[in-house]
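Thanks, everyone. I'd like to talk through some charged pairs and helix contacts today. Here is the model.

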Amino acid sequence: MSTGRTAGAAPRAVVVSKALVQARANALVRRGGGARVLVLRALPEWEHGDLEADGRTIRVLAGVSQLAILDAYESLPQDQNLIVLTDRPTEDLGDVVFARALTHDILMPDEWAAIPGLFPGAKEVSLDLRRYEWAASALLDHEPPGGWPAASGKIAVSAEHALSALLARLVRLDPGTPLDEVLLLMTLGSKESRASWAAVDGKIRKGLTRWAQTELGTAAAFALRVAAASELVAPAAVALAVDVLWPEEDGAAAQEQVAARARVEKYLGGYALSAAEARAVVQVAHTAVLRLSLDDHRAARDLPVLLEMAQALLGDLRWPAGAERSTVLPAGYAARARHLAAALEGTASAPVEAALADLLAHRDAENGRAEAPRMAVRLHRWLATKEVATDSLGADLRRQMDDGAWVDAALGVVWSASDDPEVRDAYRRLIENVRTRRRARDELAARRLDETDVELALGAGLTGAVPVERLLRAVVAPWRATNRVLLVVLDGMSAAIAADLADEVTRYRLAEWVPTTSRRRVPALAALPSSTGVSRTSLFTGQVRSGDGAVEKAGLAKSFPGSVLFHKGDLRAEGGARLPEPVITAMGNTKVPVVGVVINAIDDATHKNDTSAESWTIARLAPLAALLELAALHGRAVVLTSDHGHVVERATVNAPPTGAESRWRPMANGTAVGPGEVMVSGRRVVAGDDGEAGDQAILLWRDDLRHGRVQAGYHGGASLAEITIPALVFQGVSRTDGPEGWSMAPPQVPVWWNDPVTEPSQPKSAVKPKSRATRKRVTGDAVHANGLGQDALFEVAPDAIHIPPARAGEDLATAVLSSPVYVEERRIAGKAAADDAIVGAMLRALLERDGRAHRDTLAAAVGIAAAEIAGVLAAVRRVLNVDGYAVLATDDGGETVRLDELLLRDQFEV
């Protein structure tokens with residue numbers, strides 16, 4: 001420590017800060033010993049009164065003379081300390097003043113000497129911190145009430161530790177907070193934080209900004225520059241504007257875009273961003289937006305304000321259209337939605353699938369908003385599929401289960417999906433095209449509802465459809481032979497709702513099973529009219545008739561002695577319970593072969609609530625979740641079925657006569673069959689008061705017609721959505737055995753649900769195969785974009801490439817399986833290799849879809865359950881990914897499987 005008692009003139013005195021004097025006071029008190037006085041070379045100017053350190057009062061004296069100092073000595077209480085600020089030469093003060101002073105000398109006001117005392121545990125200041133000549137004053141002037149954070153066991157206070165704490169303090173964070181770019185960008189989103197930073201001395205701001213640029217990153221310095229330039233604009237908002245000013249795909253910039261790049265400099269205090277700096281800032285801004293999105297409170301409060309500010313900023317930069325290019329701002333999502341709408345109409349330059357991919361790249365697609373666009377594209381794909389003719393009612397019902405149910409589910413999402421006029425109009429025309437095709441199916445099935453056709457179409461077995469009165473015998477009985485069964489009848493559940501629920505059921509440790517002959521879910525035909533009073537009673541009694549709950553209970557007990565059936569009134573549990581005790585007891589009783597439960601939530605909703613745009617989940621179908629948990633616990637197989645489906649209210653028209661049931665009317669003498677209606681008769685029709693079959697009735701088959709008042713939904717008619725009853729079967733995932741004729745289900749989704757509809761692709765080009773001896777071993781995706789390995793000696797223009805066709809009489813998959821390379825790879829893999837039939841089926845499925853397919857599509861093509869596809873893919877890769885080349889790989893988090901056909905041909909020399 002330097003002293004002031006040197007020969008000659010006294011060193012120049014300066015005004016000292018309160019922070020420096022406080023630091024010296026702290027050091028004086030902590031030093032202890034006999035010295036209670038410190039004399040400091042400084043101008044005798046002090047306006048801050050007494051100080052306090054460790055509970056002791058520290059008097060501060062402007063020592064203008066020896067006499068004044070000695071008077072202060074005499075009046076100093078024993079429990080206080082004294083700091084003297086004086087500019088007098090040492091000879092004017094004399095030894096009598098220095099005798100009681102610390103070190104018996106005048107101390108120079110070295111700010112750096114005070115810094116270690118500010119950081120508990122520190123003894124000195126590191127050289128890297130001393131390089132920032134402004135830092136000592138800043139640390140003294142801005143010391144927080146609780147002090148700076150400890151030096152973490154290090155002797156010297158480092159620049160990283162001290163300046164990070166200082167910056168955190170200046171932006172109103174706790175000084176001990178570890179800083180990073182994202183946190184700084186988010187913190188300066190607060191007006192209070194920006195105001196605090198803007199109030200800091202300019203020299204300190206400039207120094208800390210340079211330090212942050214080097215130590216924290218470009219985005220940190222960017223945030224500090226923006227906050228210093230304007231307290232009104234959040235740095236993250238400027239960063240989101242920068243996102244579209246310097247896009248990742250940096251092609252030719254528009255004139256307005258170039259001009260906006262220059263104008264944005266005013267928000268950075270005149271700093272000119274480079275393209276590389278801009279992209280670094282944008283990456284951090286996207287992470288900050290993601291963090292805000294994950295915080296429910298801030299996502300609702302702060303995020304909309306930030307996004308709106310960024311859009312307004314682009315307006316201030318005179319390029320408001322730039323917001324439409326953003327992958328984060330709302331205007332960007334709206335523009336992409338309109339672009340997709342134009343693609344659906346055929347008026348956009350980009351194809352539909354590309355427009356959807358562009359929309360899904362926007363942040364808002366992750367918030368559930370993309371569900372309707374996805375469904376719209378799925379409907380567009382469905383319209384692009386070829387309509388295959390059916391020859392029976394059973395085939396019509398099968399098609400409804402396999403295909404129409406998914407169409408209905410998608411239609412429900414798209415029905416009321418957008419307020420944007422362009423998007424709304426495109427969706428409306430898409431919906432009309434879908435409904436036109438669906439109505440052709442409905443009319444065809446309705447015309448086949450005569451009794452003779454029913455007999456011929458349904459017949460026996462499970463390859464087609466099952467009449468509802470045979471459902472217990474055809475589906476429940478085989479499972480009863482090997483398991484105890486939980487039979488859940490969801491009154492009014494359509495095939496579309498069943499498609500929604502099926503995947504959710506598997507989350508309860510249950511796997512789906514289907515008949516081995518069809519590998520598809522079982523469709524059943526409702527009794528007519530498709531109403532609860534007729535069709536549900538027919539289900540439980542095994543004969544077409546109407547009845548009440550008592551008749552249904554007796555019917556189930558007759559079919560499976562010892563079984564019990566619980567209706568709505570039986571399912572009311574006491575307070576605190578999910579299920580009533582009788583249900584719990586029956587589920588665990590090994591002597592109860594079948595526990596039947598009727599849940600009325602769906603049917604009740606069709607009479608009361610608007611369900612036109614809603615999807616059904618297990619949570620809405622209490623007590624289904626509790627029942628599924630008990631079934632898994634007690635090893636019961638689960639049969640999930642219905643008594644009829646329903647159509648949803650979607651702008652229906654009232655069809656006379658009034659007074660009829662909502663979708664059907666009795667056949668009276670002289671009654672004419674009107675447009676959209678069909679007459680049915682025979683042993684599967686119950687239309688009279690006696691409850692017996694053999695009547696006549698007129699049913700509506702058009703889904704846009706009704707009789708009587710408007711409801712949320714309707715049933716009783718002849719549309720496929722009403723007459724098709726889904727029958728789904730599940731059992732515990734640990735069970736690998738089932739009744740004879742039943743197998744684990746492959747994915748049931750139609751191909752167009754997950755994958756684009758494509759025509760079989762033409763053979764692609766390829767290079768002449770290289771000698772295998774010249775190939776280098778690589779791993780993962782280390783393959784050039786032209787499909788060659790890294791050892792390719794030159795690139796070939798695509799137009800100059802030619803692929804030899806597969807050998808005569810063989811497709812490419814067959815050629816691969818018979819190639820010497822494949823035979824050798826299969827030998828090396830041994831038992832870990834996939835079966836040749838599986839490899840061939842997977843290759844053909846991928847080649848038919850231009851080398852990309854959803855994992856469910858491949859599982860269905862191979863004929864395995866969805867849960868097995870990961871293991872099968874691993875086995876297939878063992879024989880196809882020769883030498884580590886990624887012939888077969890996955891994208892989209894494993895959802896999409898990708899085949900590199902060029903590499904396949906090259907590796908297997910075909």
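Start with Arg852: its relative accessibility is 36%, which puts it in the partly exposed class. The classes use a 1.4 Å probe and protein chains only: buried is under 20% relative accessible area, exposed is over 50%, and partly exposed is in between. Arg852 has a partner, Asp892, and their side chains meet in a salt bridge at 3.9 Å, N to O. The pair links distant parts of the chain, 40 residues apart: Arg852 is in strand S24 (residues 852–854), and Asp892 is in the loop between strand S25 (888–891) and strand S26 (896–899). Asp892 is exposed, at 53% relative accessibility.

Some ground rules. This is a predicted model, where local features need pLDDT of at least 70, side-chain atom pairs count only at pLDDT 80 or more, and totals for chains, interfaces and linings use all residues. Residues are numbered from 1 along each chain as its sequence is written, and side-chain values use heavy atoms, with hydrogens and water left out. Helices (H or I, at least four residues) and strands (E, at least two) are DSSP runs, numbered from the N terminus. A salt bridge here is a side-chain nitrogen of Lys or Arg within 4 Å of a carboxyl oxygen of Asp or Glu.

How many salt bridges does this rule give? The count is 47. Let me pick two more.

Take Glu387 and Arg437. Their closest N and O atoms are 2.7 Å apart, in a salt bridge. Again, distant parts of the chain are linked: Glu387 is in the loop between helix H20 (371–384) and H21, Arg437 is in helix H22, and 50 residues separate them. Are these two residues buried or exposed? Glu387 is partly exposed, with a relative accessible area of 33%. Arg437 counts as buried, at 13%. Both belong to a network of salt bridges that links Glu387, Arg399, Asp403, Arg437 and Arg441.

Next, Asp420 with Arg338. This salt bridge has its closest N and O atoms 3.1 Å apart. Asp420 sits in the loop between helix H21 (393–414) and helix H22 (421–447), and Arg338 sits in helix H18 (residues 330–345), so the pair ties together parts that are 82 residues apart in sequence. Asp420 is partly exposed at 21% relative accessibility. Arg338 is partly exposed too, with a relative accessible area of 21%.

Now the helices. H18 packs against H22 at about 30 degrees, with the axes 9 Å apart. Axes are lines fitted to C-alpha atoms, for helices over the stretch in contact, and angles run from 0 to 180 degrees between N-to-C directions. H18 and H22 are therefore roughly parallel. The cut-offs: under 35 degrees is roughly parallel, over 145 roughly antiparallel, 65 to 115 roughly perpendicular, and the rest oblique. On the H18 side, the contact residues include Arg338, and on the H22 side they include Glu422 and Arg429. Contact means heavy atoms within 4.5 Å.

H18 also packs with helix H19 (residues 352–360), at about 165 degrees, with axes 9 Å apart. That makes H18 roughly antiparallel to H19. Among the residues in this contact are Tyr333, Leu340 and Leu344 of H18, and Val352, Leu356 and Leu359 of H19.
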